[in-house]
2 protein chains.
Amino acid sequence: MKPATISTLTLLAAWAVACTARAADPLPSWNDGAAKNSILQFVAKVTTEGSPDFVKPSERIAVFDNDGTLWAEQPIYFQFLFALDRVKTLAPQHPEWKTTEPFASLLKGDMKSVAAGGERAIGAINMAAHAGMTSEEFHKIAADWIATAKHPKTGRLLTEMVYQPMLELLAYLRTSGFKTFIVSGGGIEFMRPWSEKVYGIPPEQVIGSSIKTKFELRDGMPVLVRLPELNFMDDGPGKPVGIQMHIGRRPLAAFGNSDGDLQMLQWTAAGNGPRFCLYVHHTDAQREWAYDRDSMIGRFDKGLDEAQRRGWTIVDMKTDWKRVFVFEGR
Amino acid sequence: MKPATISTLTLLAAWAVACTARAADPLPSWNDGAAKNSILQFVAKVTTEGSPDFVKPSERIAVFDNDGTLWAEQPIYFQFLFALDRVKTLAPQHPEWKTTEPFASLLKGDMKSVAAGGERAIGAINMAAHAGMTSEEFHKIAADWIATAKHPKTGRLLTEMVYQPMLELLAYLRTSGFKTFIVSGGGIEFMRPWSEKVYGIPPEQVIGSSIKTKFELRDGMPVLVRLPELNFMDDGPGKPVGIQMHIGRRPLAAFGNSDGDLQMLQWTAAGNGPRFCLYVHHTDAQREWAYDRDSMIGRFDKGLDEAQRRGWTIVDMKTDWKRVFVFEGR
């Protein structure tokens, strides 16, 4: 290569660097403050070559809870709305449901009686909605449902009930060489049909709860049949188990919002070298919901104590986020 | 940008393309023939933009069996050599093994009696070797073992008993925008400590059989304890289940060598659009081993019939591979 060419390239490179330095704030929906700074500082620390805290890209694993961390979870987990809708859709094929609980109450709209059935009622509804079809059929059912499903309070598409600041954080981490994963108590196959479009997270980077499946040849055509039997519960102490099973290495950074994420954050924090743990605290009753220690959904009690004691980043949604949902300001 | 700069860059780009066109054969250890051609043609077809068979990079998933497909599996699965060594190492801590089968026979070197114990004996040895420690401890045990473990016949490191043509194929697929996964009946955590170094496949792209693990806090320190209980068997009909669980989309290409891979190939072949299925046939008793329909290890019977009937690519190791192992020609 001629020296003249080299100097042209050097100039171009310098110009590119200058452009990046002048680039827009990677987290424009975050107010300046301790939470935002802790993110920026951590990313700078682990991505600066030559720094003692530098982490090679292959080890930059970031794990995110979904419900209450990437999208809302009030007044009830969105996947349960799916299950309710699904049971209503299937009801004509199940005349026996008219006289079988919890289906009878559900179909009458008597949610109080459904709730009185507790875990068992919820489990029966979930299995009716999620099992009994092939994996491909379920993919289509979930994709079709999420395409139009709206939030009971805001009337927005559920895929718009996503936190804009967290989308920016996901993109910022990926730009910084991180591989981003979802680690959710929600159903793995419920999230996969839309996780790439909504979060930029491909199906192979989604970890979640699952039911068992079985390989079968139907008229010579291979299918995976979804069985009404729990395979794995990716919540609480299950989250580190799911992370090890799917990723096989410890995350560098973990993001959650409830006690169900605590073990994931503990597992992340216990790794060697720099680690980053962040909790989203739902403090904004105006723009979103305010709940923590006493909430049935997304209880944040032990996690809040431990985050405070250990100095993990706690996002105060009300003060730290300029904008909450993706639909705001559109 | 000045026109002069643009023309410099254009020249550089043209020069780079010319270099690539002149680049070496991506599969130099493969003899020219039907098998090699089928690979090159498939990759060209799905990666040529504008082609009706073009597949976007995110959908370019390639899955590889490990034992007998990426590395050898004779005279016995290498992971079982690990289990045998591990039991010998642990024997001083288990005086009761002197009088308990299959350990007593194993420690006396009486492998005939061990074999007579069948699946149950093998299971007991495997559980003794693989369970009872934390995930981190096991990672180190497996990594330390593989660093020096040698093949009983060739005396080569096991990590050199890897097929050079398959390494080239893995690299070629990755260069062509594919994401490469291992889908093995072997233990997921046995493979992960070395899969990246040996195959260029990171831990999160390794799928395998597993035992259950349990999250615990030990003196406040989180650990994952490996339990002596099967979690998932990633073999035969389990392979499509494992693929769906970990990847969540159907592979575009699948590579195996035995009947245990048949369902994985069927599942792959049944996808829409172009798909590629390849079987490695062990036909070379001189350089490797020759076995198929009657072998206890890596039986290739139903798979061979189906591959022939459906026109899948069958690699005749003897005639299709110029070089077999990575250590040859070094």
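Student: Which residue in strand 3 of chain B stands opposite I182(B)?

Tutor: V206(B) stands opposite I182(B). Keep in mind that this is a predicted model.

Student: What makes strand 2 and strand 3 of chain B a pair?

Tutor: The bridges do. Strand 2 (residues 179-187) and strand 3 (residues 206-218) of chain B are linked over 3 bridges, in the parallel sense. Pairing needs at least two bridges, so these strands pair.

Student: In what order do the strands of the open sheet in chain B run?

Tutor: The order is 4-3-2-1-5-6-7, giving 7 strands with mixed pairing.

Student: Why are strand 4 and strand 7 of chain B called edge strands?

Tutor: Strand 4 (221-232) and strand 7 (313-316) of chain B each pair on one side only. From one strand to the next, the twist averages 30°.

Student: Why is S176(B) called buried?

Tutor: Its relative accessible area is 15%. Buried means under 20%, so S176(B) is buried.

Student: Where is S176(B), and what does S176(B) contact?

Tutor: S176(B) is in the loop between helix 8 (164-175) and strand 2 of chain B. Setting aside neighbours within four places in sequence, S176(B) touches V43(B), T47(B) and R60(B).

Student: What makes the approach of S176(B) to Y172(B) a polar contact?

Tutor: A polar atom of the S176(B) side chain lies 2.8 Å from the backbone oxygen of Y172(B). The cut-off is within 3.5 Å, so the distance qualifies.

Student: Why is G123(A) called partly exposed?

Tutor: G123(A) has a relative accessible area of 31%. Buried means under 20% and exposed means over 50%, so G123(A) falls in between and is partly exposed. G123(A) belongs to helix 6 (residues 118-130) of chain A.

Student: How many residues along the chain separate G123(A) from K45(A), and what is the C-alpha separation?

Tutor: They are 78 residues apart along the chain, and their C-alpha atoms are separated by 45 Å.

Student: Why are helix 3 and helix 7 of chain B called roughly perpendicular?

Tutor: The axes of helix 3 (residues 78-90) and helix 7 (residues 135-148) of chain B cross at roughly 105° and come within 11 Å. The class covers 65 to 115 degrees, so the two helices are roughly perpendicular.

Student: Which residues make that contact?

Tutor: Helix 3 of chain B supplies F78(B), L81(B), F82(B), D85(B) and R86(B). Helix 7 of chain B supplies F138(B), I141(B), A142(B) and W145(B).

Student: How do these contact residues divide by type?

Tutor: Into 7 nonpolar, no polar and 2 charged. Asp and Arg count as charged, so D85(B) and R86(B) fall in the charged group.

Methods
Residues numbered from 1 in each chain as written. Chains lettered and ligands numbered in written order. Predicted model: local features only at pLDDT ≥ 70, side-chain atom pairs only at ≥ 80, totals over all residues. Heavy atoms only, no water. Helix = DSSP H or I, 4+ residues; strand = E, 2+ residues; numbered from the N terminus. Buried < 20%, exposed > 50% of the residue type's maximum accessible area, 1.4 Å probe, protein only. Axes fitted to C-alpha atoms, helices over the stretch in contact; angles between N-to-C directions. Polar contact = N/O pair within 3.5 Å; in protein donor to acceptor, adjacent residues only side chain to side chain. Contact = heavy atoms within 4.5 Å. Parallel < 35°, antiparallel > 145°, perpendicular 65-115°, else oblique.
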